[in-house]
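Please examine the sequence and structure shown below.

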Amino acid sequence: MEYFDLYNQDRIPLGKQIQRGNKIPEGEYHIAVHVCVFNSENKMLIQQRQPFKEGWSNMWDVSTGGSAVAGENSAAAAQRELEEEIGLKFSFENIRPMLTVHFDHGFDDIYTICSDAAVSDLKLQYEEVQAVKWATEEEILSMIADGSFIPYHEQLISLLFFMRDHRGTFKHDE
């Protein structure tokens with residue numbers, strides 16, 4: 001049984017928890033995370049969800065994702081989800097999310113990291129992941145269009161590929 005810490009709209013902990021699956025009260029929020037792993041060829045590691053997994057069964061998704069459990073901060077959740085789902089160890093010490101997207105009942109922290117991990121070296125969590133592969137931005141956008149990838153906003157996928165090599169919101173002279 002998993003529990004989530006609850007936060008107010010300013011992301012201040014409320015000192016309350018809720019069991020996974022229960023309806024989050026209005027005005028309270030939890031933390032979700034996604035990790036997008038990019039390689040030196042500017043491809044994103046994507047995962048295919050198991051056919052028996054609730055929600056988006058059999059569909060392709062970004063590298064990993066999940067929720068922070070009670071007592072866990074965003075970076076710790078990202079590190080845990082990455083290792084649990086695909087067996088990739090990566091230290092998130094001193095790493096902040098690339099961006100945070102607000103959704104109805106939470107904050108979705110999205111991390112971008114770089115690794116040239118070989119697909120054959122990854123250990124997939126049977127309960128969640130059936131396959132992984134490297135994909136270009138164009139391949140992911142095509143998969144969204146044909147309905148085989150979770151229907152993220154195409155602009156978000158393009159932004160993630162762009163932000164892989166850029167930080168901040170302004171152009172900087174090199």
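Predicted model: local features only at pLDDT ≥ 70, side-chain atom pairs only at ≥ 80, totals over all residues.

Residues are numbered from 1 along each chain as its sequence is written, and side-chain values use heavy atoms, with hydrogens and water left out.

**Pockets.** A pocket is an open set of points on a 1 Å grid over the protein atoms alone, where a 1.4 Å probe fits, with protein on both sides within 12 Å along at least five of seven lines; its lining residues have an atom within 4 Å of a point. Grid points are joined across faces, edges and corners, and a volume is the space filled by probe spheres set on the points. Ala, Val, Leu, Ile, Met, Phe, Trp, Tyr, Cys and Pro count as nonpolar, Asp, Glu, Lys and Arg as charged, and the others, Gly among them, as polar.

| Pocket | Volume | Lining by class |
|---|---|---|
| Largest | About 990 Å³ | 15 nonpolar, 14 polar, 12 charged residues |

The largest pocket has 41 lining residues, and A32, H34, W56, G66 and D108 lie nearest its centre. The lining of the second largest pocket includes Y111, M98 and M163.

**Strand β3.** Helices (H or I, at least four residues) and strands (E, at least two) are DSSP runs, numbered from the N terminus. β3 (30-38) gives two or more residues to the lining of the largest pocket. Strands pair if DSSP finds at least two bridges between them. β3 runs parallel to β8 over 9 bridges, with A32 bridged to D108. β3 also pairs with β6 in the antiparallel sense through 4 bridges, and there A32 stands opposite S67.

**Nonpolar cores.** A nonpolar core is a set of buried Ala, Val, Leu, Ile, Met, Phe, Trp, Tyr and Cys residues joined through side-chain atoms within 4.5 Å. The largest has 23 residues, and those touching the most other members are V35, V37, L45, L82, L88, F92 and Y111. The greatest contribution to this core comes from α1, with 5 residues. A second, separate core of 22 residues includes M98, I144, I157 and F161.

Definitions and conventions:
Buried < 20%, exposed > 50% of the residue type's maximum accessible area, 1.4 Å probe, protein only.
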